[in-house]
Amino acid sequence: MARTYDYLFKLLLIGDSGVGKTCVLFRFSDDSFNNSFISTIGIDFKIRTIDLDGKKIKLQIWDTAGQERFRTITTAYYRGAMGIMLVYDITNEKSFENIKNWIRNIEEHASQDVERMIIGNKCDMEDRRVVSRDRGQQLSIEYGTKFMETSAKLNHNIEEAFYTLARDIKGKMERGQGQTVGVGGTTGRYQQDSTIAAQGNNLCKNRHTFHCDFIAF
Amino acid sequence: MNEQCALHFTGPPGSEVDDLGFRRPWDVKLDENSTYFKAANAYSEFWTQYLPTLVRRRKRWEKVDPRTHPLLMQRFIHKGVPSTFRKEIWLRNCPPRGEIPSTSVPNLVAEEIRLDLPRTFPDNIRLRNTKAQNTVGRILYELARFVPSIGYCQGLNFIAALLWLLLENEERTKDLLIFLIKPRSSWYGMDMSGLRRDMRVLYELLRQEVPVICSTLVRLDVGLDLLLGKWFLCWFLEVLPMETVLRIWDCFIYEGDVWFFRVAIRLLRINSIKIAACKTMDQLLTTIQSIGPSKPSLKCHLLIQNAMSEKITQDQVDALRDRFSKEF
Ligand SMILES: Nc1nc2c(ncn2[C@@H]2O[C@H](COP(=O)(O)OP(=O)(O)OP(=O)(O)O)[C@@H](O)[C@H]2O)c(=O)[nH]1
Ligand SMILES: [Mg+2]
């Protein structure tokens with residue numbers, strides 16, 4: 001089967017419950033926004049293929065549950081991500097303060113050289129803003145990440161955010177860095193079952209090449 | 001939002017809104033190009049087959065009254081509790097919840113609940129107003145009072161709302177919710193240890209029953225908690241079609257959560273070839289997600305019958321729970 005893309009990038013959306021991760025993702029993948037979304041239980045993903053400087057890039061974007069307790073389930077899957085969007089809500093102070101905790105979470109569970117980006121969502125609600133643009137900017141400087149304010153509702157900066165993150169990953173990759181991205185070992189959950197794995201089949205042989213489809217997530 | 005199937009609507013294909021307040025997601029006059037065309041057809045076909053069953057079961061319940069014979073009752077419940085009897089049967093063994101504990105609920109918990117109220121069955125017309133949403137909020141708040149180790153866990157919103165839509169009584173909904181959640185509080189607590197333990201139990205059962213599922217999980221290094229956690233947390237709500245969910249709950253409320261295991265194993269067995277063919281984690285997740293809107297999931301009568309033939313008992317599940325509890 002011919003591959004219809006040049007690169008596959010796995011991205012991850014994290015941040016507090018209710019900041020709008022699912023809305024941001026739907027805006028990007030389906031170009032729609034409605035008020036009938038339900039809270040995310042566990043994990044979900046969407047695909048969109050984009051053109052970037054003449055290359056077809058398939059973005060596989062994982063959307064996670066924001067409620068803290070779900071981290072016990074989802075963090076094991078951070079390790080395959082090449083890019084992570086940390087999302088807060090500009091009308092919610094706590095969601096902004098928690099970005100620090102989410103970053104700590106990434107440092108513990110994701111690959112060392114994962115590309116990170118901080119997103120302040122719901123910027124259409126200027127009248128209810130409690131986190132200034134400057135503070136968002138400041139935080140991103142502190143952590144050395146890119147920063148953007150978005151609105152899933154008005155489709156503001158959503159494309160730009162994903163394209164920027166994808167471009168950064170691509171750049172890093174083409175410079176020959178980031179080779180370890182996606183090679184974060186295993187979750188360790190099936191150690192006692194490794195014999196079964198061996199019997200399974202050897203499809204995983206290629207999992208350590210960078211842009212193949214077998215990168216463990 | 002789910003275009004392959006009517007996830008919530010359980011009414012006759014010609015009606016706009018069903019008894020629980022869920023809207024039919026497609027127009028009556030549906031043209032072939034509509035994304036819902038297939039779903040609407042599948043639903044009509046299912047309904048035509050299922051209606052005689054519903055009518056027959058209701059007549060049987062009215063005539064025989066199984067409530068006095070435990071064995072008869074069990075058989076009758078497996079075949080589906082008619083909607084006119086459901087309230088009473090579900091509440092049959094449910095005691096009042098007792099004195100309110102003196103512990104106070106942290107503000108944060110109330111906030112978490114509030115956040116999810118508009119995100120709970122937005123397609124339900126009875127839940128569209130703040131008054132109804134506040135009722136669901138109070139029900140969840142009461143649970144947080146009675147089971148402080150949980151506080152609030154996402155997913156409970158769907159369970160609470162469905163119980164309320166069906167029972168139409170706030171106080172009894174609180175009773176039943178607390179009665180059903182308390183024994184499973186470790187599924188919903190901060191570390192979700194009970195859920196992970198039960199996923200380990202399910203894995204062990206699958207090892208005997210459908211081993212190819214286990215080898216696929218190991219090969220792709222994916223845990224059941226991630227794939228099926230939602231099935232258990234939400235008791236199949238937002239996963240399987242509503243009528244199927246109600247049929248599973250009939251059995252679960254009467255006989256215990258062994259039914260979640262039976263249904264899960266049966267659904268995985270039906271799809272085991274597709275699952276074994278998955279080469280990546282995303283393919284696997286997509287395959288699992290496609291189980292919800294599939295025809296075997298819609299055909300609830302057959303599914304329950306088949307799940308019953310999965311020879312797993314509650315004792316067996318509980319014994320495995322004991323065995324694995326130390327690990328979590
Ligand atoms: N005004 C405005 N509202 C938004 C925007 N994005 C999301 N929302 C609203 O915020 C609420 C939560 O959005 P979700 O996308 O469900 O939040 P989430 O981050 O996925 O939350 P969890 O799934 O619980 O982790 C929804 O009711 C949306 O209507 C935005 O850009 N502007
Ligand atoms: Mg979400």
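**Labels and their cut-offs**

Author: In chain A, 75% of the contacts (heavy atoms within 4.5 Å) with a separation of 6 or more are between residues 24 or more positions apart. This is a predicted model, where local features need pLDDT of at least 70, side-chain atom pairs count only at pLDDT 80 or more, and totals for chains, interfaces and linings use all residues. Residues are numbered from 1 along each chain as written, chains are lettered from A and ligands numbered from 1 in written order, and side-chain values use heavy atoms, without hydrogens and water.

Reader: What makes T22(A) and T40(A) ligands of the magnesium ion (ligand 2)?

Author: Donors are N, O and S atoms within 2.8 Å of the metal (3.2 Å for Na, K and Ca), and water is not among the atoms, so sites may look incomplete. The OG1 atoms of T22(A) and T40(A) coordinate the ion at 2.0 to 2.1 Å, so they qualify. T22(A) sits in helix α1 and T40(A) in the loop between α1 and β2, 18 residues apart.

Reader: Why are α9(B) and α18(B) called oblique?

Author: Their axes (lines fitted to C-alpha atoms over the stretch in contact, with angles from 0 to 180 degrees between N-to-C directions) are 9 Å apart, at about 120°. Under 35 degrees is roughly parallel, over 145 roughly antiparallel, 65 to 115 roughly perpendicular and the rest oblique. The pair is therefore oblique.

Reader: How much of chain A is buried?

Author: Buried (under 20% relative accessible area, 1.4 Å probe, protein chains only) describes 55% of its 217 residues. T22(A) and T40(A) are both buried.

Terms used: Helices (H or I, at least four residues) and strands (E, at least two) are DSSP runs, numbered from the N terminus. Buried means under 20% relative accessible area, exposed over 50%, partly exposed in between (1.4 Å probe, protein chains only).
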